[in-house]
Amino acid sequence: MMNNRNHWLLPEGIEEILPPHAARLEALCRDMIDLYTGWGYELVMPPLIEFLDSLLTGTGEDLELQTFKLTDQISGRMLGLRADTTPQVARIDAHNLKRDVPTRLCYLGTVLHTRPEVTGGTRSPLQVGAELYGHNGIASDVEVLCLMLESLRVAAVDSIHIDVGHVGIYESVLEMAGLDAGQEQQLFAVLQRKAASELDKYISQWSLKPAVAGKLEFLVTAHGDVGVLDEARTALAGGSKKIAACIDDLKHVAEEVERRVPGAPLNFDLAELRGYHYHTGPVFAAYVPGKGQGIAFGGRYNNIGSAFGRARPATGFSTDLKTLLATGSYEVPKKSAIFAPLSDDPSLPDAIKKYRDAGEIVITELPGQDGDPRGMGCDRKLELKNGKWVVSKL
């Protein structure tokens, strides 16, 4: 039985946000939504809980192990607490909005994970993101990538670098290799770890053709600045025309991002495959020194809308604001308060309202309260002078 002294403890990976940290997080939320609004992204608020089969549709299949499940006492059907908002927003675009024009949507809200992404991490990220539906081209990928960069700037995250890849390159080489499902899983894991020696073992074990083996060996080491794309064009020559088209796409991304964000810290990693099972084109992830895990992720995922009855090309990104706040140097000016003393003067309520309407914090004295105004964060007070309430220093 749980010790009664511990009944107030929260589950591991579930945290509450206290002052003044909560004020910083709330201010960052506002700044992010204002940023996305300025770029034309409309806010949507999907529910925290949905029928499980809806949450696990499309991208949701990758999230099954991360999704809390429970039974609906009304319908008897299984419900899930969202572990990612992206599938919900795709459903909203395809099933509810049904627009023909490009649609830009953004969202912000808590998601819940059965396990933290990293040891000691949160299981309740505050996820924010933006999705662009209805355009199948590099221009929309570039827009979303630039918006992710701007989001990191707003959160005052420094020393970032962005890994950019293209799942089409991996898919093309994989098709040439002719592996079974189990071998594909092993190969995927090796590429993510960049375990070159382990890859050599599998190449020998699977008796892969030299042309295919050479391409896989290149992928496991293919990362660097934009010059790696020229290397890829040579190393991956002889493959499908799709590979050349994917490299062209990445070159275009590099050029357009540099034009919009000069000096953008882009790194091209052709084994960057996060979300491989649902992404269909360019993918990108943001990293900072000292953190083994990425802090923001995005990419193109054209097929998800079909699961909701209307296929639409799509690209987007998401991040956890708690992580950004802990990683960056985002701050908000600390506001001091005005102390309003107990008084029967009939003009005091109007004076308090005047200052609050002007954006000031006014804290009223309570009868018999303990402590002094400074202990409540006040550095000024309202005083009645010559029949008028004025503010003076404490």
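Biologist: In which strand is Leu70 found?
Modeller: This is a predicted model. Leu70 lies within residues 68–71, and that run is strand β3.

Biologist: Is Leu70 buried, partly exposed or exposed?
Modeller: The relative accessibility of Leu70 is 35%. Buried means under 20% and exposed means over 50%. Leu70 falls in between, so it counts as partly exposed.

Biologist: What accessible area does the surface nonpolar patch with Leu70 have?
Modeller: Leu70 forms this patch with Leu48 and Ile49. Together, the accessible area of Leu48, Ile49 and Leu70 is about 220 Å².

Biologist: Which residues is Ile162 in contact with, leaving aside neighbours within four places in sequence?
Modeller: The contacts of Ile162 include Leu145, Met148, Leu149 and Leu152. Also among them are Pro265, Leu266, Asn267, Phe284, Ala285 and Ala286.

Biologist: How many residues of helix α5 are buried?
Modeller: Helix α5 covers residues 167–177, and the rest of the structure largely encloses it. What covers its buried residues includes β7, α6, α8, α10 and β10. Among the buried residues are Val167, Tyr170, Leu174 and Ala177. Of the 11 residues in α5, the buried number is 8.

Biologist: Which residue follows α5, and what is its phi?
Modeller: The residue after α5 is Gly178. The phi of Gly178 is positive, near 65°.

Notes
Residues are numbered from 1 along each chain as its sequence is written. This is a predicted model: local features need pLDDT of at least 70, side-chain atom pairs count only at pLDDT 80 or more; totals for chains, interfaces and linings use all residues. Side-chain values use heavy atoms; hydrogens and water are left out. Buried means under 20% relative accessible area, exposed over 50%, partly exposed in between (1.4 Å probe, protein chains only). Helices (H or I, at least four residues) and strands (E, at least two) are DSSP runs, numbered from the N terminus. Contact means heavy atoms within 4.5 Å. Patches are made of residues with over 30% relative accessible area and no salt bridge: like charges are joined within 9 Å, nonpolar side chains (Val, Leu, Ile, Met, Phe, Trp, Tyr) within 5 Å. Accessible areas come from the Shrake-Rupley method with a 1.4 Å probe; for residues, only the protein chains shown count as cover. A salt bridge is a side-chain nitrogen of Lys or Arg within 4 Å of a carboxyl oxygen of Asp or Glu.
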